[in-house]
Amino acid sequence: MAKPKRRYVCAACGSVSFRWQGQCADCGEWNTLSEETPATTFSTKHDLSSGGRPLAFEALDAKGQMPVRRSTGLPEFDRALGGGLVPGSAILMGGDPGIGKSTLLLQAAAKIAQSGGNVVYVSGEEATGQVRLRAERLGLAGAPVLLASATSVRDILTTLGGMDAPALVVIDSIQTMHSDMIEGAPGTVSQVRASAFELIRFAKEAGSALVLVGHVTKDGSIAGPRVLEHMVDVVMAFEGERSHQYRILRSIKNRFGPVDEIGVFAMAGAGLEEVGNPSALFLSGHEDAVPGSAVFPAMEGTRPVLVEIQALIVRLQSGATPRRAVVGWDSGRLAMLLAVLEARCGLNFSSAEVYLNVAGGYRLSDPAADLAVAAALVSALSDKPLPNGHVWFGEVSLAGEVRPVAHSGLRQREAAKLGFKAAVMASDNGQSVPDMRQHAVSHLRQIVDRVVGEE
Ligand code: TYD
Ligand code: MG
């Protein structure tokens, strides 16, 4: 029999190579490769075409067999999941340490338990006393959650197998779990993979929803192998700046729903509070218009969120290289907009420092923000506030044209709901909405003329 080939697995991305290297060829991380013994060696003569059991095929149309989603009791969590927990599904939840993953899951576990569901919460990181303390702080100590502190997958599966199938099993976290089928310390690629595999298999068979908490590395991906992301049905990220109180729950992969829905929470004294109206949270709320501030109706999945964009321009006297700093937006996109404003509208930013900030620590990825950013920049440069009660949205081309964007109606309706009176947008983006005046623009020059020109 051929000697089993040595294989080396990268702890950061899970890629396999047959030669040891200091740097992983796939993800570029250093010192992450470690040797892994293959569990099985295949003989070259194996033949799988006989000796198996025949499959029973089923129709695609499975009326009456659709699993019923179960609410987590937290509407924002349900929204991010695409409508609640699907029985038998596995969810991987990643997030920075201390962002509130354990808090969120304890709150959801308690809600489901209070509504009569069987819920198991296994913590491999904290002692039961610590979890109980948190539950007390959250006012949930009375909820009939089955709590255990354990790290052995065998113990966990033996216990779960001997009871009524739980509606929800929370494993906090997968990196602390240990399977005795595989060698190696908890947290290694093979351990994480083997533990997750066994737990997911249980969830599928028993019809329980399974949530695995996963640690996140510096660059924001879930630590351990990427394969974990392929094994589960849903991958969620719990994000936010620890210094700000708001948190966003986002689904990155979802086999049962859309991936761009978000749930918004605020971390308060008694745990995570749901934020049903996130727009109010991200608007800074000053009454008088200030120069350099523009409101942008962003889209997060199917949901509009109003955010305030702030620009500050400082003229430099000396010939020093001016700074450009951006928080919450793409710096390359800012450089492009500045170039367009200079080349197409005759404005001069060359001797000025430019600072751009998205209020509330929010991160914008919607390209429709161009127009609002441009308006904030023009307003800051001319030191004149933008007209009161306006929102701005549209994409800007390199020629300075303002292009229409999707969801014009939703954006305007959200703005109207919050008391805004007018929307500035591309000329063929006009969808009329009650209580909203519409100002169509086709080129950035029109914005410059309006803001700078009005004396
Ligand atoms: P935690 O859920 O332990 O985070 P994770 O599991 O993602 O590591 O949350 C810890 C943080 O949340 C901690 O810094 C304190 C804060 N927190 C509150 O502000 N209020 C609360 O009621 C609770 C329980 C935690
Ligand atoms: Mg935790």
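User: How is the model numbered, and what does it need before a feature is reported?

Analyst: Residues are numbered from 1 along each chain as its sequence is written, while chains are lettered from A and ligands numbered from 1 in the order in which they are written. This is a predicted model, in which local features need pLDDT of at least 70 and side-chain atom pairs count only at pLDDT 80 or more, whereas totals for chains, interfaces and linings use all residues.

User: What is the mean pLDDT of the protein, and what scores does the model have?

Analyst: The mean pLDDT (the predictor's confidence in each residue, from 0 to 100) is 87, and 92% of the residues reach 70 or more. The model scores ipTM 0.95 and pTM 0.75. Where pLDDT is low, predicted coordinates should not be read in detail.

User: What counts as a helix or a strand, and how many of each does the protein have?

Analyst: Both are DSSP runs numbered from the N terminus: a helix is H or I over at least four residues, and a strand is E over at least two. The protein comes to eleven helices and 21 strands. Its C-alpha trace spans about 85 × 55 × 50 Å along the principal axes.

User: Why is Ala-374 called buried?

Analyst: A residue is buried if 20 or more other C-beta atoms, placed from the backbone, lie within 10 Å of its own, exposed if 12 or fewer do, and partly exposed in between. Ala-374 has 28 C-beta neighbours inside 10 Å and therefore counts as buried. This residue is found in helix α9 (residues 370–382). Leaving aside residues up to four places away in sequence, Ala-374 touches Leu-337, Leu-341, Val-396, Leu-444 and Ile-447; two residues are in contact if their C-beta atoms, placed from the backbone, lie within 7 Å. Of the 455 residues of the protein, 40% count as buried.

User: Is Asp-383 buried or exposed, and which is His-407?

Analyst: Asp-383 has 10 C-beta neighbours inside 10 Å, so this residue counts as exposed. His-407, with 20 other C-beta atoms within 10 Å, is buried. Asp-383 is found in the loop between α9 and β17 (390–392), and His-407 in the loop between β19 (402–403) and α10 (408–417).

User: What makes the backbone at Asp-383, at His-407 and between Asp-172 and Ser-173 worth noting?

Analyst: Most residues other than glycine have a negative phi, and most peptide bonds are trans. Asp-383, although not a glycine, has a positive phi of about 55°, and His-407, also not a glycine, has one of about 60°. The peptide bond from Asp-172 to Ser-173 is cis, with omega near 5°. Ser-173 is found in the loop between β7 and α5.

User: How do you know that strand β7 is largely enclosed by the rest of the structure?

Analyst: Five of the five residues of β7 (residues 168–172) are buried, which means that the strand is largely enclosed. Both of its faces are covered: Leu-168, Val-170 and Asp-172 are buried on one side, and Val-169 and Ile-171 on the other. In a regular strand the side chains alternate between the two faces of the sheet.

User: What makes two strands a pair, and with which strands does β7 run parallel?

Analyst: Two strands pair if DSSP finds at least two bridges between them. Strand β5 (residues 119–123) is joined to β7 by five bridges, in parallel, and Val-120 stands opposite Val-169 in β7. Strand β8 (residues 209–215) and β7 pair in the parallel sense over four bridges, and Ile-171 stands opposite Leu-212 in β8.

User: What handedness does the unit of β7, α5 and β8 have?

Analyst: β7, helix α5 (residues 189–206) and β8 make a right-handed β-α-β unit. A crossover has this name if, with the strands pointing away from the viewer, the path from the first strand over the helix to the second runs clockwise.

User: Which residues are closest to ligand 1, and of what classes is its shell made?

Analyst: A residue is near a molecule if its C-beta atom, placed from the backbone, lies within 6 Å of it. Ligand 1 is surrounded by 15 residues, the closest being Gly-100, Lys-101, Ser-102, Thr-103 and Gly-271. The shell has five nonpolar, seven polar and three charged residues, where Ala, Val, Leu, Ile, Met, Phe, Trp, Tyr, Cys and Pro count as nonpolar, Asp, Glu, Lys and Arg as charged, and the others, Gly among them, as polar. Helix α2 gives the most to this shell, with three residues.
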